[in-house]
Amino acid sequence: MTYRLPPAVGEALTNAWLVGPATVGMLVLIFGPVLAVAVLSFTDYQLGAQGFAWIGLENYTVLFTDPIGQRAVVNTLIYVAIVMPASMILALLVALGVHRVASWNATLAGVLRTAYFMPVAGTLVAMATVWQMLMHPNVGLFNQVLGLTGVPGQEWLSDRGIVLYSLAVIGIWETVGYNMVLFLAGLTAIPEHLYDAAEIDGVRPGWDRFWTVTWPLLGPTTLFVLVVTAARAFRVFETVATLTQGGPGFASDTLVYAMYREGFVYFKAGYASAVTMVFFVFVLTLTLVQFGVLERRVHYR
Amino acid sequence: MISRFRIGPAVALAFLLLGAAFVLLPFFWMLSLSIKPAAEIFAPGIDLFPSRIEWRNYAKAFAEVPLHRFLLNGVVVCAGILVFQIIIAVPCSYALAHRQFGLRWVIFGLVLAGLLVPYHVTAIPVFLGFAEIGLLDTYPALIIPFIASVFGIFLFRQFFATVPAEIIDAARIDGLSETAIVWRIAFPNAWPAVSAFAIFSVVAHWNDLFWPLIAISDPNLATPPRGILFFRDEEAGSDFGPLMAAATVVTAPLVIAFLAAQRKFVQGITMSGLKG
């Protein structure tokens with residue numbers, strides 16, 4: 001290692017002028033707060049209180065042992081476990097279909113693509129109020145259609161046993177178009193000559209061709225979509241805040257909503273910080289996996 | 001055995017169209033209810049279309065809550081965030097890509113680490129800080145937390161790295177200052193990245209509920225999603241026609257932008273997959 005002389009003062013000032021605002025911004029708005037939330041999670045600090053006490057891991061213990069805390073963790077995991085595979089499988093099927101349609105009618109394929117992507121462009125809170133109308137127990141479209149078939153209507157958003165699944169349906173609806181676009185990009189990148197080669201080798205079109213050619217080549221895309229979808233699903237908040245506020249009886253409580261409620265409704269900053277840290281660890285793990293996946297994507301090329 | 005499961009193309013297309021119809025159903029239902037007379041909304045039976053168009057729902061939506069104010073707030077907040085994000089990120093990205101200095105890798109490391117942090121994680125300390133300096137319930141409270149966009153810095157840096165060093169050197173020899181190079185050479189060259197980032201940023205902040213819910217309690221400062229909740233929670237909220245009219249008004253700008261510039265829009269939004 002060689003010792004470098006400090007650069008000329010003018011150069012140093014230029015550097016400070018260029019990167020200074022961004023660096024200060026990152027430290028004050030991102031890294032400082034992350035550190036602070038980690039520290040707060042070991043205290044009993046309440047918003048507006050004069051002081052606080054160190055309580056070690058108690059906030060975390062409560063989160064994982066208290067029935068309400070557990071619910072938030074478990075509900076979030078269930079939500080992710082539903083939304084992730086369902087939205088991926090549907091998105092892949094839609095992408096395969098649209099990709100095939102594109103080979104004989106590009107306009108129709110474009111229309112389908114637009115239709116499936118629409119929920120991503122829609123404002124989720126506004127669209128959630130529409131879902132509230134659709135799922136309304138009396139005048140909602142869903143129960144009215146069920147009524148026609150003689151099936152009793154459901155309390156989609158106020159039945160403890162159903163509410164989480166209703167939210168998951170909205171989550172899937174919101175995510176399929178996004179994933180479809182990623183899968184379509186992956187499908188388009190598969191060179192045509194590989195399909196020709198497979199045909200010469202006796203691979204029949206249809207699912208046979210899908211499993212021998214498309215699926216393996218789509219591997220990197222699939223891994224990428226998996227992690228992105230999971231990370232998005234972990235953040236579920238807008239639909240919960242708009243439709244259920246975590247209820248009834250915490251049946252649809254999730255980590256980010258619990259963080260909001262404990263921190264900003266009940267002002268339990270210490271406990272909410274612990275919820276935040278648990279959420280952060282989940283997302284961090286996923287994002288690190290994602291970087292690994294991206295790395296692999298690069299090496300495939 | 002596998003080929004037996006092959007679905008005929010016609011059946012596959014039918015499923016695709018059916019799926020698309022289901023995906024579009026909420027949009028259709030929102031429009032339909034927004035122009036339905038109240039009596040028909042609450043009438044039993046399924047009527048996909050209203051018998052007559054009830055424009056009063058829209059008039060009511062604007063009268064019951066300051067809907068125009070929510071839209072204006074959305075524009076101010078999104079524009080404010082975007083302008084500051086670019087002013088702060090672009091010079092930093094340029095320096096990271098085209099200047100040699102000791103802290104370069106440290107700062108780039110901070111950018112990469114910052115990508116790992118969802119903004120929800122910073123909410124509690126930022127809220128405490130803002131409360132301390134009396135910034136809550138102001139426009140700056142809605143804008144400041146997002147002005148240092150590590151995603152923007154990362155994206156622009158990757159883009160600037162592809163600008164040949166010769167171009168930069170030539171500009172330096174011509175006597176341009178580094179600041180002039182940033183804004184007159186590098187920035188215009190990065191237009192594809194900037195426009196994609198702009199879409200990503202505006203969509204994210206127009207739609208965001210989490211932070212406005214925390215930072216704002218004054219309805220006059222509410223962004224569109226926050227405003228929708230104010231509306232819904234008022235007595236007028238059980239008046240479904242106007243509520244759907246409000247939802248339509250709030251959703252329309254981005255949906256129209258998406259329909260007008262699909263390629264760019266999809267690109268801008270899917271980029272966010274990179275972001276933590």
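Two residues are in contact if their C-beta atoms, placed from the backbone, lie within 7 Å.

## Basis of the model

This is a predicted model, in which local features need pLDDT of at least 70 and side-chain atom pairs count only at pLDDT 80 or more, while totals for chains, interfaces and linings use all residues. Residues are numbered from 1 along each chain as its sequence is written, and chains are lettered from A and ligands numbered from 1 in the order in which they are written.

## Helices H7 and H10 of chain A

In chain A, helix H7 (residues 163-188) packs against helix H10 (residues 219-234). Helices here are DSSP runs of H or I with at least four residues, numbered from the N terminus. The axes are 10 Å apart and the angle is about 155 degrees; axes are lines fitted to C-alpha atoms over the stretch in contact, and angles run from 0 to 180 degrees between N-to-C directions. H7(A) and H10(A) are therefore roughly antiparallel (over 145 degrees; under 35 is roughly parallel, 65 to 115 roughly perpendicular, and the rest oblique). The crossing of H7(A) and H10(A) is right-handed, meaning that the near helix is turned clockwise from the far one by less than a right angle, with anticlockwise giving left-handed.

On the H7(A) side, the residues in contact are Gly171(A), Thr175(A), Asn179(A), Leu182(A), Phe183(A) and Gly186(A). Their partners in H10(A) are Thr221(A), Phe224(A), Val225(A), Thr229(A), Arg232(A) and Ala233(A). By class, this contact has 5 nonpolar, 6 polar and 1 charged residues (nonpolar: Ala, Val, Leu, Ile, Met, Phe, Trp, Tyr, Cys and Pro; charged: Asp, Glu, Lys and Arg; polar: the others, Gly among them). Buried residues of H10(A) include Thr221(A), Phe224(A), Val225(A), Thr229(A), Arg232(A) and Ala233(A). A residue is buried if 20 or more other C-beta atoms lie within 10 Å of its own, exposed if 12 or fewer, and partly exposed in between.

## Contact between the chains

The contact takes 74 residues from chain A and 73 residues from chain B. Helix H1 (residues 9-40) of chain A gives the largest share of the chain A side, 16 residues. By class, the chain A side has 53 nonpolar, 16 polar and 5 charged residues.

## Helices H5 and H8 of chain B

Helix H5 (residues 104-115) of chain B and H8(B) cross at roughly 125 degrees, and their axes come within 8 Å. H5(B) and H8(B) are therefore oblique to each other, and the crossing is left-handed. Val111(B), Gly114(B) and Leu115(B) in H5(B) meet Val150(B), Phe151(B), Ile153(B) and Phe154(B) in H8(B). This contact has 6 nonpolar, 1 polar and no charged residues.

## Individual residues

Val77(B) is part of helix H4 (residues 67-98) of chain B. Val77(B) counts as buried, with 25 C-beta neighbours inside 10 Å. Beyond its neighbours within four places in sequence, Val77(B) is in contact with Tyr139(B), Leu142(B), Ile143(B), His205(B) and Thr223(B). Ile144(B) sits in the loop between helix H7 (139-143) and helix H8 (150-160) of chain B and is buried, with 21 other C-beta atoms within 10 Å.

Phe250(A), not a glycine, has a positive phi near 65 degrees. Phe250(A) lies in the loop between helix H11 (238-244) and helix H12 (255-265) of chain A and counts as buried, with 21 C-beta neighbours inside 10 Å. Asp137(B), also not a glycine, has a positive phi of about 60 degrees. Asp137(B) is partly exposed, with 14 other C-beta atoms within 10 Å.

Terms used
Helix = DSSP H or I, 4+ residues; strand = E, 2+ residues; numbered from the N terminus.
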